[in-house]
Amino acid sequence: MAASPGPAGVGGAGAMHGSGPSGFAFDSGLEIKTRSVEQTLLPLVSQITTLINHKDNTKKSDKTLQAIQRVGQAVNLAVGRFVKVGEAIANENWDLKEEINIACIEAKQAGETIAALTDVGSLNHPESDGQITIFTDKTGVIKAARLLLSSVTKVLLLADRVVIKQIIRSRNKVLATMERLEKVNSFQEFVQIFSQFGTEMVEFAHLTGDRQNDLKDEKKKARMAAARAVLEKCTMMLLTASKTCLRHPNCESAHKNKEGVFDRMKVALDKVIEIVTECKPNGETDISSISIFTGIKEFKMNIETLRENLYLQSKETLSATLEALLERTEDFTDCAYTGHEHRERILELSTQARMELQQLISVWLQAQTKKTKSVSEELELTILKISHSLNELKKELHSTAAQLAADLLKCHADHVILKALKLTGVEGNLEGLAEYACKLSEQKERLVETCRLLRHVSGTEPLEITCMHAEETFRVTGQQIISAAETLTLHPSSKIAKENLDVFCEAWESQISDMSTLLREINDVFEGRRGEKYGYLSLPKPMKNNTNVKSLKPDKPDSEEQAKIARLGLKLGLLTSDANCEIEKWEDQENEIVRYGRNMSSMAYSLYLFTRGEGPLRTSQDLTHQLEVFAEEGLKLASSVQAFSKQLKDDDKLMLLLEINKLVPLCHQLQTITKTPLQNQVFLKIDKCITKTRSMMAILVQLLSLCYKLLKKLQMENNRWVSVTNKDSVDGKT
């Protein structure tokens, strides 16, 4: 449902959980509501069209009459539902209320007209003589159907404007909270604001997720996916980078690291708005102008038009087009990592293409003056020869880029440099830091260069955009890893600095993994093996499960399932952040409640990574085992909290017991789900497990916060009692 290429959506078919300014809850999603009614209306209108086209002499059997009447009633009911949604939207958007209401009134009138004209159930009775029906007034039904489609389209377009306003409003809220996070100076204030920020990011992810899911333009879809991937990964980076800054306020590298995250998130937020509002930024380069494969495709189409029309092209245009195309091959020949043989072959094929174009132009000019069969055959031959040369050039370029990427991925599969940077950091080794930072910079430049070459041979616009996203990610993340490592080296005993470096290193490893998938996609496109729609690498991936391929095939996830799992995973990731913030407050980090809470948070984070196809959990057995342990830790936590509650007064104890009574059943339910086999329904099981895990994490956050407050209260009361006792003792002696 969209005014432009298609309906709104980023996360998929899930609902928007944001609210309008006056509190109107889009409980099942504005777009889901309107789209579902739209999908009901259109097939019914199509049936009416079929019925309208019936022959006048068709026998009006009871079955036919009943069918006509049922369709008319169904259309009217669907219109009624649609109008209710439209009116609800209008009531919450006063600037569009009049337009929406007018369109709703038109739709309602059309629905009632169709119902009246198809009310033909009593035609076999004499008293129905003179009744105007579909059989006597086809024109009326046609007009009503057209009015219905027109008014429905108006409402959908206006509702789309509401969705865009929602996304912009949500983005503005996120930006405002980010500004507060940038200026925060105390850890306690940061925890409060980050909690709000997490909620706003979830809402923004839902809104943009639905938008992306409904976009029809594959290029826009890929751009949206890339921007959302940046926001999702940067949310975790923002948490650790900000905490590091608060812990080490005078550390320049920590501030540099944090600023990099904020800057990248702001750019990604702007990119999302550019896509949904179709506002092309100034100076944006057209991707087709920088891809060699796209240039070859267009050039071949131009020369093939000569078969039909000798005067459509000019020799100057063809020469300039080929020259611009071959100029781009300098990205390969000037690259320091291109092998000597590949470089020589590319130069040879480029020279050959130039010579064959000159030959083509010569024959082409002859064909314009001599319209003989032999000249036509020679022209055909020269077209085939230059096409063949360009195909050979494509093969060589693809081979060069693919080999460079494969070698690079193989060389850095074990992430030796990242491990060395972590080690030099905890050792406080500044010389080692300088050495490995230099090596990482070299690796970064090589990855950036390789992504640029892969973009030239990617073959599709979505893959080109993914290459550009990978290139930018390596460029930015590489520098951020170095600043995070520098902070750790300057503060080798800092746990938060170590955690921050780990988060940035995980992002790097994740992008390396994505690049491997990207290379496979590019190879599949080049070799014609890709028979299905391209899946966006930037989108959170639901899972990687190579051991259970057979069980997964019957239940292949569709885009809605993938989007749902991705959204649940994002919420889980944000809840782990909230839990970690609560854990940080505790002075006694060895407290049993803290220990079990930390274990649960760590496992929940692994589950979040699993929904993205990352992290230590690789198979369904890994996932099941992790969930079983998670449920056990939950029960242990409940037991520890119950023991702590015995020290409290009745009112305080009751508050804790209420939370425990919520947690324990969820633990048992999760254990039951993990032990229940769901044949050919792997995603259904994952959905249920992550939903339960998310509910348990929400309770964990509440319990950690509540226990901390009650512990502080208990300590204050104990201190007061000790103070009073000491005073009484002193008074007695006196």
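Over the ring of which residue does the charged end of Lys394 sit? In this predicted model, local features require pLDDT of at least 70 and side-chain atom pairs count only at pLDDT 80 or more, whereas totals for chains, interfaces and linings use all residues. Residues are numbered from 1 along each chain as its sequence is written, and side-chain values use heavy atoms, with hydrogens and water left out.

The charged end of Lys394 is placed over the ring of Phe293, at 4.9 Å from its centre; a charge sits over a ring if NZ of Lys or CZ of Arg is within 6 Å of the ring centre and within 35 degrees of the ring normal. Arg595 lies over the face of Tyr596, 5.6 Å from the ring centre.

Rings of Phe, Tyr and Trp (its six-membered ring) pair if their centres lie within 6.5 Å, with planes under 30 degrees apart counted as stacked, over 60 as edge-to-face and the rest as tilted. Phe194 and Phe197 make a tilted pair, with 5.7 Å between centres and 45° between planes. Both residues are buried (under 20% relative accessible area, 1.4 Å probe, protein chains only). Together with Phe187 and Phe190, Phe194 and Phe197 form one aromatic cluster.

Beyond its neighbours within four places in sequence, Phe197 is in contact (heavy atoms within 4.5 Å) with Val174, Thr177, Met178, Leu181, Thr235, Leu238 and Met265.

Technical notes: Buried < 20%, exposed > 50% of the residue type's maximum accessible area, 1.4 Å probe, protein only.
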